[in-house]
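Please read the report below alongside the sequence and the model. It moves from the overall layout to individual strands, and then to a single residue and the ligand.

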Amino acid sequence: MTQTAWGAGFATETLDGEVLDTWYRWLGWGEYEGGDFDDELVAVERADHPSAERRGVRVRAARVTIDVDEPPASPGDAYLRLHLLSNRLTPPNSMNLDGIFGALNNVTWTNLGPVPVERADEVRVAEFRDGRRLTIYGQDKFPRMLDYVSPPGLRIADADRVRLGAHLAEGTVVMHEGYCNFNAGTLGTSMVEGRISQGVVLGDGSDLGGGASIMGTLSGGGKEIVSVGERCLIGANAGIGISLGDDCVVEAGLYVTAGTLVKLPDGSVVKGAAVSGISGMMFIRHSQTGAIEARARTGKWEGLNAALHAN
Ligand SMILES: CC(C)(COP(=O)(O)OP(=O)(O)OC[C@H]1O[C@@H](n2cnc3c(N)ncnc32)[C@H](O)[C@@H]1OP(=O)(O)O)[C@@H](O)C(=O)NCCC(=O)NCCS
């Protein structure tokens, strides 16, 4: 069964019709049926957009219906998927995002709005001649989430660190060192001081310590999407390439990957992949032997297989 979503808003496109971005102010599930915002769509499209000529762009009203089970077919389609995530209308990994990089255009993101990459220098010079400085936030396919969506109940210390398409639940705090990619994020209250890679989801009450890293699947060959359960702590500068169940701790500075050899409470040694997703574990690197250990936080260890099913 396919699922459709609709969006209405404003596309910024080059004079050749290449869509740089689309800001969906109105969106939801189902087919586009119009609404009392139609007048505003028309008015904004017709309005004078002061920097548009300088940037070589025009603003067009966008009204779309998309099938989220099919790969993104256009920039406007891809932008609606990113908005659905950031507006918390759907959690990460719930839509088909195959080929999204190919669907989006590379854009220079500035304080004047999106600028075609090949025009950035011209705009910089023109602004300078007028006594102003052009500020460039980045040159990328994804813009900053907060330039499009302000989901309630969040603190984001540095807007540059959260891409549009991040899914951040109410109660999430993203500190300056924290980062959240598109199609990734949190499901509840979380402190994010490390990096949440594409596809990764943190459960309610989990903390990602300063500089910590969660391995993603976009580069480096990893295929398994990592997830973190509820009430976990991934210590400062730690990292995981395996999933964690609920109530797990990873010692500060320790990186546990799928191939890391881990000593279990019963003395056996297994690869990290074998303990992926288990609840109630504390991962440490023994400060005397250097061996990586997984200890049961409850003090009770019922064996690997039982623990695997406990989640
Ligand atoms: C892993 C961590 C939670 C362990 O903390 P702890 O207070 O030692 O935890 P516990 O008291 O439950 O430790 C259990 C036992 O393991 C021992 N232990 C902990 N880390 C160990 C290590 N690296 N090597 C050997 N033993 C270790 C403790 O000494 C303790 O031994 P004991 O039972 O004989 O007293 C802590 O070192 C840590 O890394 N916390 C992360 C904090 C953080 O980074 N927060 C984010 C900030 S941005």
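## Domains and their contact

The domain assignment divides the chain into domain 1 (4-140) and domain 2 (151-310), with bounds that come from an automatic or database domain assignment. This is a predicted model, in which local features need pLDDT of at least 70 and side-chain atom pairs count only at pLDDT 80 or more, while totals for chains, interfaces and linings use all residues. Residues are numbered from 1 along each chain as its sequence is written.

The centres of domain 1 and domain 2, taken over C-alpha atoms, are separated by 33 Å. Across the boundary, 10 residues of domain 1 are in contact with 15 residues of domain 2, where contact means that the C-beta atoms of two residues, placed from the backbone, lie within 7 Å. On the side of domain 1 that touches domain 2, helix 3 (residues 75-86) gives the most, with 3 residues. That side of domain 1 divides into 6 nonpolar, 3 polar and 1 charged residues; here Ala, Val, Leu, Ile, Met, Phe, Trp, Tyr, Cys and Pro count as nonpolar, Asp, Glu, Lys and Arg as charged, and the others, Gly among them, as polar.

## Confidence and overall build

The chain averages a pLDDT of 93, and 94% of the residues score at least 70, pLDDT being the predictor's confidence in each residue, from 0 to 100. Over residues 306-311 the pLDDT is below 50, although this stretch has 9 contacts in the model beyond near neighbours in sequence. Where pLDDT is low, the predicted coordinates should not be read in detail.

The chain has 6 helices and 25 strands; these are DSSP runs numbered from the N terminus, with helices (H or I) of at least four residues and strands (E) of at least two. The C-alpha trace spans about 70 × 50 × 35 Å along its principal axes. Of the 311 residues, 43% count as buried, a residue being buried if 20 or more other C-beta atoms lie within 10 Å of its own, exposed if 12 or fewer, and partly exposed in between, with C-beta atoms placed from the backbone. Among contacts between residues at least 6 apart in sequence, 48% join residues at least 24 apart.

## Hairpins

Strand 1 (residues 4-14) and strand 2 (residues 19-29) run antiparallel and are joined by 9 bridges; two strands are said to pair if DSSP finds at least two bridges between them. Gly7 stands opposite Leu27 in strand 2. The two strands form a hairpin with 4 residues between them, and Gly17 in the turn has a positive phi of about 90°.

Strand 24 and strand 25 also pair in the antiparallel sense, over 5 bridges, with Met281 opposite Ala296 in strand 25. This hairpin has 6 residues between its strands, and Gly290 in the turn has a positive phi of about 80°. Strand 25 (residues 292-296) additionally pairs with strand 22 (residues 261-263) in the parallel sense over 2 bridges, where Lys263 stands opposite Glu293.

Strand 19 (residues 239-240) is joined to strand 21 by 2 bridges, and the bridge partner of Gly239 is Tyr255.

Another open sheet has 4 strands in the order 8-11-14-17, again with parallel pairing. Its edges are strand 8 (166-167) and strand 17 (227-228), each with a single partner strand, so one side of each is left without a neighbour in the sheet. Strand 11 (residues 184-186) pairs with strand 14 (residues 201-202) over 2 bridges, and Thr186 has Leu202 as its bridge partner.

## Phe142

Phe142 is found in the loop between strand 6 (136-140) and strand 7 (155-156), and counts as buried because it has 22 C-beta neighbours inside 10 Å. Leaving aside neighbours within four places in sequence, Phe142 is in contact with Arg163, Leu164, Gly165 and Phe182.

## Ligand surroundings

The ligand is surrounded by 14 residues, the closest being Gly209, Gly235, Ala236, Glu251 and Ala252; a residue is near a molecule if its C-beta atom, placed from the backbone, lies within 6 Å of it. The shell divides into 6 nonpolar, 5 polar and 3 charged residues. Its largest share, 3 residues, comes from strand 24 (residues 281-285).
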